[in-house]
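Open the model in your viewer and keep the selection panel at hand. Each stop below says what to select and what is there.

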Amino acid sequence: DRIKQFIKTGATGGNIETLVEAFDLIIESIPTEKKSTRSSYENTRVNILSFKDSPLSRVDVTYAEDFTKFLKAKDAKKNTIGKHIKNIKAVMNKTKLRGIHNFDKLKSVKVEKEKINNIALDLEEIELLRKLNLSGREELVRDLFLLGCYTGLRYSDFHQIKIDAISKGNILTIPSTVKTGSEVVIPLKKDAINILLNYGTLPKV
């Protein structure tokens, strides 16, 4: 309630004193359609609570280094650690812009990032996969994977793929994707339509 009142009144000052409270404020202000961003911030908040909350005045290079060590001890990947540090820096910047504090102690902290070698299938390999004689759960997993290949959609958006969402000309419209919250219009190829006709509404794996 204190966070909601803060947003409503636009008040500044000593209402928000710790990093977790700052996260609460920013998470509350994220539009509901940006589910991926909200989830990322909430995940960072949970890890901060597992590590230790801190007064905003003490969120500095040492705090970031100790938090990084904590995450590494939990076998977190470099990109995961980088995501959490990036979120902390973002929340500190956003709350500073709101006049909640005047600290800028994370400027020199670098966000760790590791290059990922993504493996992609070519069209011939996708066709071979489509022709495999599978049944049960294996068939479902294969068909969902193929649908992702045919549409370019993330798995998190599959629940929006329904026969009645397809308009004339085999055009699929997704009103709001989970990651960006934006509308996506996709022309469907025959193989994608056949999968949808087979299931009607896509079941969860």
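Select Asp75. Asp75 is exposed, at 65% relative accessible area; exposed means over 50%, buried under 20% and partly exposed in between, with a 1.4 Å probe and protein chains only. Asp75 sits in the loop between α4 and α5 (78–97). Helices here are DSSP runs of H or I with at least four residues, strands are runs of E with at least two, and both are numbered from the N terminus. Check the backbone too: Asp75 has a positive phi of about 65° although it is not a glycine.

A word on the model before moving on. This is a predicted model, in which local features need pLDDT of at least 70 and side-chain atom pairs count only at pLDDT 80 or more, while totals for chains, interfaces and linings use all residues. Residues are numbered from 1 along each chain as its sequence is written, and side-chain values use heavy atoms, with hydrogens and water left out.

Go to Asn102, in the loop between α5 and α6 (123–130). Asn102 counts as exposed, with 66% relative accessibility. The C-alpha atoms of Asn102 and Ser57 are 8.7 Å apart, although 45 residues separate the two in sequence.

**The whole chain**

Zoom out and colour by secondary structure. The protein chain has eight helices and three strands. Along the sequence the pattern reads α-α-α-α-α-α-α-β-β-β-α. Of the 205 residues in the protein chain, 34% are buried. Contact means heavy atoms within 4.5 Å. Among contacts with a separation of 6 or more, 54% join residues 24 or more positions apart.

**The aromatic cluster**

Select Phe51, Tyr63, Phe67 and Phe70, which form one aromatic cluster. A search of the whole structure finds six aromatic pairs. Rings of Phe, Tyr and Trp (its six-membered ring) pair if their centres lie within 6.5 Å; planes under 30 degrees apart count as stacked, over 60 as edge-to-face and the rest as tilted.

Start with Phe51 and Phe70. Their ring centres are 5.3 Å apart and their planes meet at 40°, so the pair is tilted. Phe51 belongs to helix α3 (residues 35–51) and Phe70 to helix α4 (residues 61–73), so the pair ties together parts that are 19 residues apart in sequence.

Next, Tyr63 and Phe67. Here the ring centres are 6.4 Å apart and the planes are at 15°, so the pair is stacked. Tyr63 and Phe67 are four residues apart in helix α4, a separation of about one helical turn. Both Tyr63 and Phe67 are buried.

Which residues is Asn47 in contact with, leaving aside its neighbours within four places in sequence? They are Phe67, Phe70, Leu71, Lys74 and His84. Asn47 is in helix α3. Asn47 counts as buried, at 9% relative accessibility.

**Helix α8**

Select residues 190–199, which make up α8. Asp191, Ala192, Ile193, Ile195 and Leu196 are buried in α8. The buried residues of α8 pack against α6, α7 and β1 (166–167). Just after α8 comes Gly200, with a positive phi of about 75°.

Stay in α8 and pick Tyr199. Tyr199 is partly exposed, with a relative accessible area of 23%. Leaving aside neighbours within four places in sequence, Tyr199 is in contact with Glu139, Leu140 and Asp143. From Tyr199 to Leu140 is 9.3 Å, C-alpha to C-alpha, and 59 residues in sequence.

**Last stop: a pocket**

Select Arg130, Glu139, Arg142, Asp143, Leu146, Tyr150, Asp191, Asn194, Ile195, Asn198 and Tyr199, which line the second largest pocket. The elements giving two or more residues to this lining are α7 (136–151) and α8 (190–199). On a 1 Å grid over the protein atoms alone, a pocket is an open set of points where a 1.4 Å probe fits, with protein on both sides within 12 Å along at least five of seven lines; lining residues have an atom within 4 Å of a point.

The second largest pocket holds about 170 Å³ of space. Grid points are joined across faces, edges and corners, and the volume is the space filled by probe spheres set on the points. By class, the lining has four nonpolar, two polar and five charged residues. Ala, Val, Leu, Ile, Met, Phe, Trp, Tyr, Cys and Pro count as nonpolar, Asp, Glu, Lys and Arg as charged, and the others, Gly among them, as polar.
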